[in-house]
Structures are given as structure tokens and as C-alpha cells.
Amino acid sequence: AMQNYEKMCFEKACPFLKEGEELVKCNARGLKFDHNSENSGIIINKEKTPHGAKLPCIHPRCAERGIKFKYCRFCQLPAA
């Protein structure tokens, strides 16, 4: 079952996205808690996020584990 704070985190993220930002899937694997497209993601801005920028997941427990992805300007996606 999804923890309330995890659900609140995701629900709050979308309304607070700034212009040009989008929420993309966090591909972190091997986690021992509910981590899916309903409660996690990475916020990027394809025009403003610099290449190599560290990208935290919006899921609090995933973010606690540290940065797993950086932004690739060429692919315009998070990369491991």
C-alpha cells in the first residue's frame, strides 16, 4: 500500500510544475518499496536543464537513497 506522504508528494508535484517542466519516469530498480509511475518521477525541463545535471526523484524514499540519474541534453532524458 502506498504511504500517505508518498501519495501526497506525487499529487503535489504535478500542480507545481513550472512552465516547460515535465515529469518523466524514474527508472530506479531494486527498491524494496512501492515505486511506480503513480508515486515517483523526475522533473526535467528539456530547454533549461543543463547536460549532466543531477536529477532527484520526487519519491522521498528514492531521493533519500541519493542521485541515480543525470540529465543528457542529447537524449533529453535522465541517464544512469
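Reader: Buried means under 20% relative accessible area, exposed over 50%, partly exposed in between (1.4 Å probe, protein chains only). So is C57 buried or exposed?

Author: C57 is buried, because its relative accessibility is 9%. Ground rules next. This is a predicted model, where local features need pLDDT of at least 70 and side-chain atom pairs pLDDT 80 or more, while totals for chains, interfaces and linings use all residues. Numbering starts from 1 along each chain as its sequence is written, and side-chain values use heavy atoms, with hydrogens and water left out.

Reader: How many disulfides does the structure hold?

Author: The count is 0. A disulfide here is a pair of cysteine sulfur atoms within 2.5 Å.

Reader: Which cysteine sulfur is nearest to that of C57?

Author: That of C26, at 3.8 Å. C57 is in no disulfide.

Reader: Which residues touch the most other members in the largest nonpolar core?

Author: C26, A28, I42, I44 and C62, out of 13 residues. A nonpolar core is a set of buried Ala, Val, Leu, Ile, Met, Phe, Trp, Tyr and Cys residues joined through side-chain atoms within 4.5 Å. Strand 2 and strand 4 each give this core at least two residues.

Reader: What's the overall fold order, from the N terminus on?

Author: α-β-β-β-α-β-β. That comes to 2 helices and 5 strands. Both are DSSP runs numbered from the N terminus: helices are H or I with at least four residues, strands E with at least two.

Reader: Which strands form the open sheet?

Author: The order is 3-4-5, with antiparallel pairing. Strand 3 (54-55) and strand 5 (77-79) are at the edges with a single partner strand each, so one side of each has no neighbour in the sheet. Two strands pair if DSSP finds at least two bridges between them.

Reader: How many bridges join strand 3 and strand 4?

Author: 2, in the antiparallel sense; strand 4 covers residues 69-72. K54 stands opposite K70 in strand 4.

Reader: New topic. Where is N45 found?

Author: In strand 2, residues 42-45. N45 is buried, at 9% relative accessibility. A polar atom of the N45 side chain is 2.9 Å from the backbone nitrogen of E47.

Reader: What is N45 in contact with, beyond its neighbours within four places in sequence?

Author: E19, G20, E21, Y71 and R73.

Reader: And P50, where is its place?

Author: In the loop between strand 2 and strand 3. P50 touches Y71 and R73, not counting residues up to four places away in sequence. P50 and Y71 are 21 residues apart in sequence, yet 7.1 Å apart in space, C-alpha to C-alpha.

Reader: What share of the chain's contacts with a separation of 6 or more is between residues 24 or more positions apart?

Author: 44%.

Reader: And how many of the residues are buried, as a share of the chain?

Author: 31% of the 80 residues. The accessible surface comes to about 5600 Å², and 51% of that belongs to carbon and sulfur atoms. Those areas come from the Shrake-Rupley method with a 1.4 Å probe; for residues, only the protein chains shown count as cover.

How values were computed:
Polar contact = N/O pair within 3.5 Å; in protein donor to acceptor, adjacent residues only side chain to side chain. Contact = heavy atoms within 4.5 Å.
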